[in-house]
Each structure stands twice: as C-alpha cells, then as structure tokens.
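Please read the following briefing alongside the sequence and the three-dimensional view. It is written for someone meeting this structure for the first time, and it goes topic by topic.

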Amino acid sequence: MEGLIMSKNKEYLINVFYKLIETESPTCFEKDIANLIGGVMKDIGFNKVHIDENFNVVGDLEGSSPGKCLLFSVHSDTSQISPEQKPLKAELLEGHPFGKEGMVIKGMGASAPKGGIAAMLGAAQELSKHRN
C-alpha cells in the first residue's frame, strides 16, 4: 500500500512540476506562479496561506506538538522569455545528454527555481501526512 501512496504523491508532484514550468514567472510578474504555489499549498494541507502584494507566498503547516520550526525559502521568478519560447513547455527527456542517468524534465526554470519549489512542496506534503 505504501508504494501505491508514494506513486500517487510522485505523480501529483510531477504534474505540479510541469505546471510550475509552464507558468510564466518573469521577474516582477509572479502573480500566476504565486497563485499556483498557494493553491498547491492549500491542497497539501497548509493551515494558512497568504500571498502579499509582491506575490511572496507564506504558509503555515502546523504540527500536532510543540517543537522546532522548518522554513523553506526560494525565489519564483525566471528570466524574461522571448516570443519564440512561447508557449512554455515542460519536456520529459533522456538524461544522458545532460550528464544524468534516467529521465529528466527540461523547461524554463526547471533546475532553478521551479525544481526547488517542487521539491519543497513535496517535502511539505510528506510532513503534512505525519503531523498527527
């Protein structure tokens, strides 16, 4: 059963990662990516999610007992894109040409910052399952 749960979580996070890559987020225009991140945070169980006027996303995932706090911090903006790069697309490719074994996901911001955002959301999702 645990493998099935992990498989569903992995599939969900891969879909989130694709959506992150395919959402434009050039510097000073992060509203869409902030809304996407905030929505995912709500989906995975954050008690509070706030998006400020600069599109910073702050969330609180409360535990069931007192203890230390964990903070995730990452930027969400990417480079400006040219018209030739539209629409943004995430691609699943063989990793060998990139020096990686297995498959990789390629797209605008895949390695930074959107890969980090997806990883942080995945970690928060796992923590949310073990907070009671």
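Two strands are said to pair if DSSP finds at least two bridges between them, and helices (H or I, at least four residues) and strands (E, at least two) are DSSP runs, numbered from the N terminus. By these rules S1 and S2 pair in the antiparallel sense over four bridges. The model is a predicted one, in which local features need pLDDT of at least 70 and side-chain atom pairs count only at pLDDT 80 or more, while totals for chains, interfaces and linings use all residues. Residues are numbered from 1 along each chain as its sequence is written, and side-chain values use heavy atoms, with hydrogens and water left out.

**Overall layout**

- The protein chain has three helices and four strands, and from the N terminus on these elements follow the order α-α-β-β-β-β-α.
- The C-alpha trace of the protein chain spans about 50 × 40 × 20 Å along its principal axes.
- Of the 132 residues of the protein chain, 30% count as buried, where buried means under 20% relative accessible area, exposed means over 50%, and partly exposed lies in between (1.4 Å probe, protein chains only).

**The hairpin of S1 and S2**

- S1 and S2 form a hairpin with five residues between them, and phenylalanine 55 in the turn has a positive phi of about 65°.
- Within this pairing, lysine 48 stands opposite aspartate 60 in S2.
- Aspartate 52 lies in the loop between S1 and S2, and this residue counts as partly exposed because its relative accessible area is 22%.
- The C-alpha atoms of aspartate 52 and serine 64 are separated by 27 Å, although the two residues are twelve residues apart along the chain.

**Salt bridges**

- A salt bridge is taken here as a side-chain nitrogen of Lys or Arg within 4 Å of a carboxyl oxygen of Asp or Glu, and by this rule the count comes to two salt bridges.
- Lysine 48 forms a salt bridge with glutamate 62, with the closest N and O atoms 4.0 Å apart. The pair links distant parts of the chain, since lysine 48 is in strand S1 (residues 48-51) and glutamate 62 is in the loop between strand S2 (57-60) and strand S3 (91-94), 14 residues apart. Glutamate 62 is partly exposed, with a relative accessible area of 38%.
- Glutamate 126 forms a salt bridge with lysine 129, and here the closest N and O atoms are 2.8 Å apart. Both residues lie in helix H3 (residues 114-129), three residues apart, which is about one turn of the helix. Glutamate 126 is partly exposed at 26% relative accessibility, and lysine 129 is partly exposed at 39%.

**Cysteines**

- The structure holds zero disulfides, a disulfide being a pair of cysteine sulfur atoms within 2.5 Å.
- Cysteine 28 is exposed, with a relative accessible area of 60%, and cysteine 69 also counts as exposed, at 74% relative accessibility.

**Pocket and cavity**

- On a 1 Å grid over the protein atoms alone, a cavity is a set of points where a 1.4 Å probe fits but cannot get out, and a pocket is an open set with protein on both sides within 12 Å along at least five of seven lines; lining residues have an atom within 4 Å of a point.
- Grid points are joined across faces, edges and corners, and a volume is the space filled by probe spheres set on the points.
- The largest pocket has a volume of about 940 Å³. Of the 35 residues that line the largest pocket, Phe46, Gly59, Leu70, Leu71 and Phe72 are the closest to its centre.
- Helix H2 (31-43), S2 and H3 each supply at least two residues of the lining of the largest pocket, and H3 gives the most, with six residues.
- A search of the whole structure finds one cavity of 30 Å³ or more, and about 30 Å³ of space lies in the largest cavity. The residues that line the largest cavity include Glu24, Pro26, Ile81 and Met108.

- Serine 73 lies in the loop between S2 and S3, and serine 73 is exposed, with a relative accessible area of 62%.
- The C-alpha atoms of serine 73 and methionine 120 are separated by 8.7 Å, with the two residues 47 residues apart along the chain.
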